[in-house]
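Please go through this model with the sheet first, then the helices on it, then a ring pair and some backbone angles.

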Amino acid sequence: MTDMRVISLTTDFGAGDHEAGVLKGVIWRICPDVKIADLSHDVTRHNVLEGALLLGRSTPYFPEGSIHVAVVDPGVGTVRRGMAARLGDQWYVGPDNGLCTLMFQRAKRLNLPVEMAALENTRYFLTEVTAIFHGRDVFAPVAAHLAAGAALKDLGANIMDPVLLDLPEPTRTGHGWKGQVIHVDHFGNLATNIRVDQLTGNHSGVSVRLSGVELHGLAQAFGDGAPGSLVALVDSSGWLAVSVVNGSAAQRLNAGIGTAVEVELEARQDRE
């Protein structure tokens, strides 16, 4: 670990209950000087894919050696493993249920170190471990011990077969791509699984179709248009997105995760 001690928290606990605050208390009792960042406690309940996307979008911007505790854990108390992992220059602690998929893929893509361990050594847990709150009893204390200098190898056996999500991938068509909405944010912006590198050439030649609407060209920003107008653009994470200027595209189009999206590129852009 590095000298920078940062732990982030991502959960589906919601902001109105006590659970997220309890994680901080557990961490500070073990490692009082660690800095804690709340990524989100409003992941849709039990939505592991949404949690994985949030981590994938956020963790590359954290200091090297940051530890990311993620608790979107519908399998808590079952045979699913707990896991700690070094994924490139970031760390993950949470259930082995696919939450770290994008972090894992990024580390592999960049040829960065990947090490994973099962959470088996109860020395690093709270004294009493319940079957229903591993975020408090297992994951938060393990993260705090890592921040305090514990070694990954001391936590448990190596994991060689982590659970990874089968993320939806866009498919190539004769004139562009077919994809789908994979995330809806607080503003109702619809992020798709089509990335900017797949939108080659002049963006004025891109047409986007979903929910019976066709949009021509890509805007530069969420406010690039008259209030209430629909725009397509590349969002801050490099995904094609659809937005309503000063409004909600999800509400306007009655669209959500899984809504089909088609992109057509100018003919000259499709030549290999």
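Contact here means heavy atoms within 4.5 Å. Helices (H or I, at least four residues) and strands (E, at least two) are DSSP runs, numbered from the N terminus. This is a predicted model, in which local features need pLDDT of at least 70, side-chain atom pairs count only at pLDDT 80 or more, and totals for chains, interfaces and linings use all residues. Residues are numbered from 1 along each chain as its sequence is written, and side-chain values use heavy atoms, with hydrogens and water left out.

Start with the open sheet of 6 strands, whose order is β2-β1-β3-β5-β4-β6 with mixed pairing; two strands pair if DSSP finds at least two bridges between them. Because β2 (35–40) and β6 each have a single partner strand, they stand at the edges and one side of each lacks a neighbour in the sheet. Direction ignored, neighbouring strands are turned by 20 degrees against each other on average. Axes are lines fitted to C-alpha atoms, for helices over the stretch in contact, and angles run from 0 to 180 degrees between N-to-C directions.

Strands β1 and β2 run parallel and are joined by 5 bridges, with Ser8 opposite Ala37 in β2. The pairing of β3 and β5 is also parallel, over 3 bridges, and there Val69 stands opposite Val93 in β5. By contrast, β4 and β5 run antiparallel with 6 bridges between them; Leu87 faces Gln90 in β5. The hairpin of β4 and β5 has 2 residues between the strands, and in it Gly88 takes a positive phi near 70 degrees. As for burial, 6 of the 6 residues of β5 are buried, so the strand is largely enclosed by the rest of the structure. Buried means under 20% relative accessible area, exposed over 50%, and partly exposed in between (1.4 Å probe, protein chains only).

Helix α3 (residues 101–109) packs on the sheet, where it touches β3 (67–71), β4 (82–87), β5 (90–95) and β6, and its direction makes about 145 degrees with that of β6.

Helix α4 is mostly covered, with 12 of its 14 residues buried; among them are His134, Asp137, Phe139 and Leu146. The cover over these buried residues includes β1, α1, β3, β4 and β5. At 1.5 Å a residue, the 14 residues of α4 should span 20 Å, which agrees with the 18 Å between its end C-alpha atoms; the expected span is 1.5 Å times one less than the number of residues. A kink of about 25 degrees lies at Ala140, shortly before the proline Pro141, the bend being the angle between axes fitted to the seven residues ending there and the seven starting there. Just after α4, Gly149 has a positive phi of about 115 degrees.

Which rings pair? The structure holds 1 aromatic pair. The ring centres of Phe13 and Phe133 are 5.9 Å apart and their planes lie at 85 degrees, so the pair is edge-to-face. Rings of Phe, Tyr and Trp (its six-membered ring) pair if their centres lie within 6.5 Å; planes under 30 degrees apart count as stacked, over 60 as edge-to-face and the rest as tilted. The partners are 120 residues apart: Phe13 is in the loop between β1 (6–11) and α1 (19–30), and Phe133 in the loop between β6 (114–118) and α4 (134–147). Phe133 is buried, at a relative accessible area of 12%.

Finally, Asn111 has a positive phi of about 55 degrees although it is not a glycine. Asn111 sits in the loop between α3 and β6 and is exposed, with a relative accessible area of 70%.
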